[in-house]
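How are the parts of this chain arranged around one another? The paragraphs below go through a helix pair, a metal site and a loop residue.

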Amino acid sequence: MHNNNKELTLSAPLSGPVLTLAKVPDPVFASGTMGDGIAIDPLNDTLHAPCAGVVVHIARTGHALTLRADNGAELLLHLGLDTVELQGQGFSVLVKEGDRVSNSQPLLRYDLDQVAQQCKSLVSLLILTNSQDFQVRPITLKSVKVGEPLLHIIRRQTSGGESAEDFIGEELTGHVRIAHRGGLHARPAALIRQTAQGFKSKSWLHYAGKSATCDSLIGLMGLAIGEQAEVHVSCQGPDAEAALQALLAALSTALAEDSHAAAPAMPAARVRAAEAGVLHGVCAAPGLVSGPLFRLSAISLPQDPGDHDPQQQLQALETALNQVRSDIDHTLNQAKKQRNSDEEAIFSAHLALLEDPALLEAAGQFMASGMAATHAWSQAIESQCEVLRQTGSTLLAERANDLIDLKQRVLRALLGDAWHYEVPAGAIVAAHELTPSDLLQLSQQGVGGLCMAEGGATSHVAILARGKGLPCMVALGSTLLDQPQGQSVVLDADGGRLELTPGPERLAEVHQIQLQQQQRRAEQQAQAHSSALTRDGLHIEVAANVASATEAAEALANGADGVGLLRTEFLFVDRHTAPDEQEQRLAYQAVLDAMGDKSVIIRTIDVGGDKQLDYLPLPVEANPVLGLRGIRLAQVRPELLDQQLRALLQVSPLSRCRILLPMVTEVDELLHIRRRLDALCSELRVKQRPQLGVMIEVPAAALLAEQLAEHADFLSIGTNDLSQYTLAMDRDHAGLAARVDALHPALLRLIAQTCAGAAVHDCWVGVCGALASDPLATALLIGLGVRELSVSPVQVAEIKDRVRHLDASECRRISQDLLTLSSASAVRHACHQHWPLG
Ligand code: PEP
Ligand code: MG
């Protein structure tokens, strides 16, 4: 193709205020991943050509198109954000692919009202997708009218072409199902291109007889790959294997906002030569296990003779719904107490679905015609599932699985079935598709692993399986369901394989690996009750984070040296009235009693932000995480804090009770509470004042650690909030979950500064945020000066074992170097290098 290489002035394709890309509320566009460009918040309803050129691509859903200008610049014009989800509704394209258009020619018209109401934002983009070849210079950042000058485009100096090295080595191929919502539209395609560009090898996607290089966004979009479509990937070059793995993971992992929590990049199904006796699927939770295959079937209902009394059936359904509602409520409360936000979100959604008027109305109508409650409920659910599946959206199709879950739960309640599977321990459970409740049941029964014919790696079951550490594979195909019951199989979730006919040698090998893992766990457990000393004799206290006396007892049994954090706000979540002083005292005393002679750190109530209590409604805030939370509550409700301190001062022995203050930002807050504590001690005639500590979870506190340590008995670093406030990333933001990483060098510097400041006053420092439970971080935290790690109870033995294999002086030396690294992933990588996980 001939490109005339000329500088080009683009005219405004829309009328409205102009924004830089950085201001666009979409991380992919804003980061420039798709290329340089500009945005307009449109006030008109027609998109015009910004220059003369050829229409080289029109999105299937009519919300975007690409124009190639005569100088070779490729311009993506994208109307609104997330408009791919409108599936073309409200858009009419006025040109065809291949058309030559003149400057300012109308290209597509859209229904301003409809699109504005249904999409996230109308902000529209003009992106230069081959920015590697051209530079963009905005002419104005004010409001523009269609046709007014907007941008200059200038060709960059080129620097040679592809080297022969790019094509060395064999071509590696793999296949994968596209997990991206709406298919490979602009944003996921841009991520694929960016992934491919991180490697020297050349990569291509192949679909429906067409191929495109991963370097070309237009090429990728031009393949018109829908979601759940299966595509082939090929890579050739010096790092082809790594490129292939990265692309398979990127293609099979939906954009962050599509999944509930950041799923780790999972290796997807690979095409090698078809292996006999092996089913390929997608890894939803890693691990390697062997065991007998156990087929789990859904409930099947007998024929309904009909002619039932509608009133009776309605009554029966209501009773069953109430039972299920209260079961889910119970699960929810447990999840809240354990701060298991995945479980909480999933089962809150189930409660909402259970109350969905469309479902209840449909079931009611079926019953009114004489149908049994069981069949009416089933049919109502099935028709809603069909609606979700028809949307063609993976995300919504996965929600159908949640409806099936509710179908089964309510049927079980209606049929009076004891909801219990007789699954042998260690079995590999195979099912068409498991539901979240199935998973909770099965994990309690000690099954070895899970595999499903259907399902996605971003589904709720997958999230739960990862949380429970249960190896799990999805999308294995219906052949899975034809396998005989009881046959020995190997579930190699890491490799995306289910081996149906493993020979004795393979079984022995897997068994050996499992035994080694179990043995290691048993050895760690056997040592769990001894103190953890590094090889050079430094004592590290490994305590546990708990939310109740029962969990405290579990922590003690697991070898915890104490409780490093009792989150008191979770002691009283499942209630509508505030606990009085006496009730609080009993609850705190119970935790102390459960811990034998160990000390217990009790944090004063930390509501606000992500933590809300029914009985303590707080004023609505514009920015709750920056509002009245933690110790700031004392500012507005001082009587609540006084009541809690009174209750705490009455536990015995007080020597084992340490009080911890959340969200402190300055020394005065600490001094104020110290004075209150002293006054209450005199009032209650308490002689011994308990130790008082400060949470370091705001950068201000870390920076003031030395001053705080002068007046505090200990400091405890809350890495969850410290990450949120240091990185300015919401800790519960699904789209940012992978980036809210406490191993970020900025956080490490704050931790180092905290430890150094505390050392001046001989004050000890612990970590009670989630970073303490990450075995990869143990060495680094010790190296930075942390002396106590408060971890989840089940991890006490593992973290103690980790401590025992470290040399504290070496940790100190290496940690200093890691402070200078440039990103959290660089730190993670270095930690793996220096202190490999077993
Ligand atoms: C933290 O912020 O790291 C912490 C331990 O407190 P929470 O998670 O309860 O906010
Ligand atoms: Mg916190």
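The model discussed here is predicted. In it, helix H21 (residues 719-727) packs with helix H22 (residues 745-760) at an angle of about 120 degrees, and their axes are 10 Å apart. H21 and H22 are therefore oblique to each other. Their crossing is right-handed. H21 brings Thr 719, Leu 722, Ser 723, Thr 726 and Leu 727 to the contact, while H22 brings Ala 746, Leu 747, Leu 750 and Ile 751. Of the residues in this contact of H21 with H22, six are nonpolar, three are polar and none is charged.

The next topic is the metal. The magnesium ion (ligand 2) has Glu 697 (OE) and Asp 721 (OD) as its protein donors, at 2.0 to 2.1 Å. A residue counts as buried under 20% relative accessible area. Glu 697, with a relative accessible area of 2%, is therefore buried, and Asp 721 is buried as well, at 2% relative accessibility.

The last stop is Thr 61, which is found in the loop between strand E5 (53-58) and strand E6 (64-69). Because its relative accessibility is 8%, Thr 61 counts as buried. Apart from neighbours within four places in sequence, Thr 61 is in contact with Val 84, Gln 87, Gly 88 and Phe 91.

Methods:
Residues numbered from 1 in each chain as written. Chains lettered and ligands numbered in written order. Predicted model: local features only at pLDDT ≥ 70, side-chain atom pairs only at ≥ 80, totals over all residues. Heavy atoms only, no water. Axes fitted to C-alpha atoms, helices over the stretch in contact; angles between N-to-C directions. Helix = DSSP H or I, 4+ residues; strand = E, 2+ residues; numbered from the N terminus. Parallel < 35°, antiparallel > 145°, perpendicular 65-115°, else oblique. Left-handed = near helix turned anticlockwise from the far one by under 90°. Contact = heavy atoms within 4.5 Å. Nonpolar A, V, L, I, M, F, W, Y, C, P; charged D, E, K, R; others polar. Donors = N, O, S within 2.8 Å, 3.2 Å for Na, K, Ca; no water. Buried < 20%, exposed > 50% of the residue type's maximum accessible area, 1.4 Å probe, protein only.
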